[in-house]
Amino acid sequence: MNIEVLLTEAEIAEEFAESIEARDVPEKFFYWTPLSVRAWKTLSSRSREQMHETWEKLSRKAGDLTRAFGENVPVISFGAGEGLKDRLFLKALQEANRTVRYFPVDSSQNLLEAACAGAEDDDCEAIGIKADISSPMHMLLAADAAESPRVFLMTGNTLGGFDPMEQTRQIADCVKKGDLLIIDAKIHRDGVTAPEPERRKFVFAPLESAGAVPEDGELEFSEKPDERRDGLFLTTRKFHAARDLKLNAWGREIHIERGERIFLNFRYRFTEEAIRWLLTGHAGLRIVADIPSADGEFVTFVCIR
Ligand SMILES: C[S@@+](CC[C@H](N)C(=O)[O-])C[C@H]1O[C@@H](n2cnc3c(N)ncnc32)[C@H](O)[C@@H]1O
């Protein structure tokens, strides 16, 4: 298995401890420890079912979409996770007689290994890239793994885990003439639904990995519109300590006092109009196709420069 490393485990461990000290734990740590990976796999199995039809549809178009590429099709997937959706598309490209090279990009060593191993089981050459996709430099370096024309993927509302105004521009900077970007987004619905137990487990897992137990406090989920643009909705998650705690973040002891709040990862959802504007008016891409998921919860866009 071949994995290039732009972000080391030592750097992640250091950042994890710093983020708990800062009471603000960003997205990448929610897929890092074995506990988090297990919680994520349970949670994501539902979204995979929701998206299966979309990826079947996209896979049927894989040959047509990449007609101008010639025989070789590099596929670079930002925030690939286990790469389970990606693999449907890779297989369809292989069936269309393309030679595919797959570059899953992720900060989670565990998920990256799964993505590479899965692609290799399908006889697809895979080179994992362990990188931080919130860094414009890491994104550009990862994009440079192959020359244009390339297919970029960003799936599972990965965009919603970052500031979408910054992240859409960062992705667009990677997309050159001739490249394709396939990106999905979760659509905002009115009315707040209570987070299901699997989501609570996923959101709590980084703190649990540092020694917290559910009885140590409360998880608070709240949603608010992002004032910068109509149609952007931000769900924040916070942990509110109900007693004094001693956490252990990779060897660093951190004291949290009763009443303190720790910000956990956030998620954006979008109206269809807002996500279209982010990709086109804001980031300068053109949408050439869109596929709503069967339940209307996601829309997947095919974009070009
Ligand atoms: C919502 S999941 C989507 C996974 C997969 N694309 C899917 O559709 O199931 C987000 C993925 O992005 C990765 N990720 C989160 N923050 C990251 C960061 N800063 N740098 C690199 N990868 C990150 C996570 O490890 C996870 O695999």
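Two strands pair if DSSP finds at least two bridges between them. Helices (H or I, at least four residues) and strands (E, at least two) are DSSP runs, numbered from the N terminus. Keep both in mind.

This is a predicted model, where local features need pLDDT of at least 70, side-chain atom pairs count only at pLDDT 80 or more, and totals for chains, interfaces and linings use all residues. Residues are numbered from 1 along each chain as its sequence is written, and side-chain values use heavy atoms, with hydrogens and water left out.

Start with the sheet. Eight strands form an open sheet, ordered S1-S4-S3-S2-S5-S6-S14-S13, and the pairing is mixed. Strands S1 (2-5) and S13 (286-292) sit at the edges; each has a single partner strand, so one side of each has no neighbour in the sheet.

Now look inside. Strand S5 (residues 151-154) and strand S6 (residues 180-186) run parallel, joined by four bridges. Which residue in S6 is the bridge partner of Met 154? The partner is Ile 183.

Arg 23 is in the loop between helix H1 (9-21) and helix H2 (34-60). Is Arg 23 buried or exposed? Arg 23 is buried, at a relative accessible area of 16%; buried means under 20%, exposed over 50%, partly exposed in between (1.4 Å probe, protein chains only).

What does the side chain of Arg 23 meet? Its side chain makes a polar contact with the side chain of Glu 260, at 2.7 Å. A polar contact is a pair of N or O atoms within 3.5 Å; within protein, one must be able to donate a hydrogen and the other to accept it, and residues adjacent in sequence count only if both atoms are side-chain atoms. The backbone oxygen of His 255 lies 2.8 Å from a polar atom of the Arg 23 side chain.
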